Amino acid sequence: MATATTPVGQDQPTKTASPPVVFDFSQPPIIEGFSPQPRAREENFKDKFIRKTKENPFVPIGCLGTAGALIYGLSAFRRGKTRQSQLLMRARIFAQGFTVVAIIVGVAVTALKPKQ
């Protein structure tokens, strides 16, 4: 078996060093056909909570109702008032259901709201 050898540097593609890609993290990336919206100001917890409460006020009401029924029901259970405790646990389940429905309705309304 005879093998043909070629001299080094002939018939071989030459590799060229590509310049390194430099990323500027202070600017958004440039994507063809896409223009990003300007960044909104940073929102702290208090501002976000107030905004979300104004968008869907029934969720915090349901959460407070759930927590109130749970705490009051546990205290009634501790005092030995089993009938009142059972009623308050049922009220807690109702409040949880109300909260879940409020979340689902809020998501649906937000999804159907036209973009500004």
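## Confidence by element

Among the chain's elements, helix H1 (residues 45–55) has the lowest mean pLDDT, 89, while H2 has the highest, 94. Here pLDDT is the predictor's confidence in each residue, on a scale from 0 to 100. The chain as a whole averages 83, with 78% of its residues at 70 or more. Where pLDDT is low, the predicted coordinates should not be read in detail.

A bit of bookkeeping: this is a predicted model, with local features needing pLDDT of at least 70 and side-chain atom pairs counting only at pLDDT 80 or more, while totals for chains, interfaces and linings use all residues. Residues are numbered from 1 along each chain as its sequence is written, and side-chain values use heavy atoms, with hydrogens and water left out.

## Overall layout

The protein chain has 3 helices and 0 strands, so the elements are DSSP runs of H or I (at least four residues) for helices and E (at least two) for strands, numbered from the N terminus. Along the sequence that reads α-α-α.

Of the 116 residues, 12% count as buried, where buried means under 20% relative accessible area, exposed over 50%, and partly exposed in between (1.4 Å probe, protein chains only). The chain exposes about 11,000 Å², and carbon and sulfur atoms supply 65% of that; the areas come from the Shrake-Rupley method with a 1.4 Å probe, and for residues only the protein chains shown count as cover.

Helix H3 (residues 82–112) has 31 residues and reaches 45 Å from its first C-alpha to its last, close to the 45 Å expected at 1.5 Å a residue. That expected span is 1.5 Å times one less than the number of residues. The buried residues of H3 are Ser85, Leu88, Ala95, Thr99, Ala102 and Gly106, and they pack against H2.

## Threonine 66

Threonine 66 sits in helix H2 (residues 58–79) and counts as buried because its relative accessibility is 15%. Leaving aside neighbours within four places in sequence, threonine 66 is in contact (heavy atoms within 4.5 Å) with Arg92, Ala95, Gln96 and Thr99. Its side chain also reaches the backbone nitrogen of glutamine 96 at 3.4 Å.

## The UniProt annotation

An unreviewed UniProt entry places "transmembrane region" at residues 58–77 and 89–112; such annotations may be inferred rather than shown by experiment. In the model, residues 58–77 are 100% helix, with end C-alpha atoms 28 Å apart. Residues 89–112 are 100% helix too, and their end C-alpha atoms are 35 Å apart.

Conventions: Polar contact = N/O pair within 3.5 Å; in protein donor to acceptor, adjacent residues only side chain to side chain.
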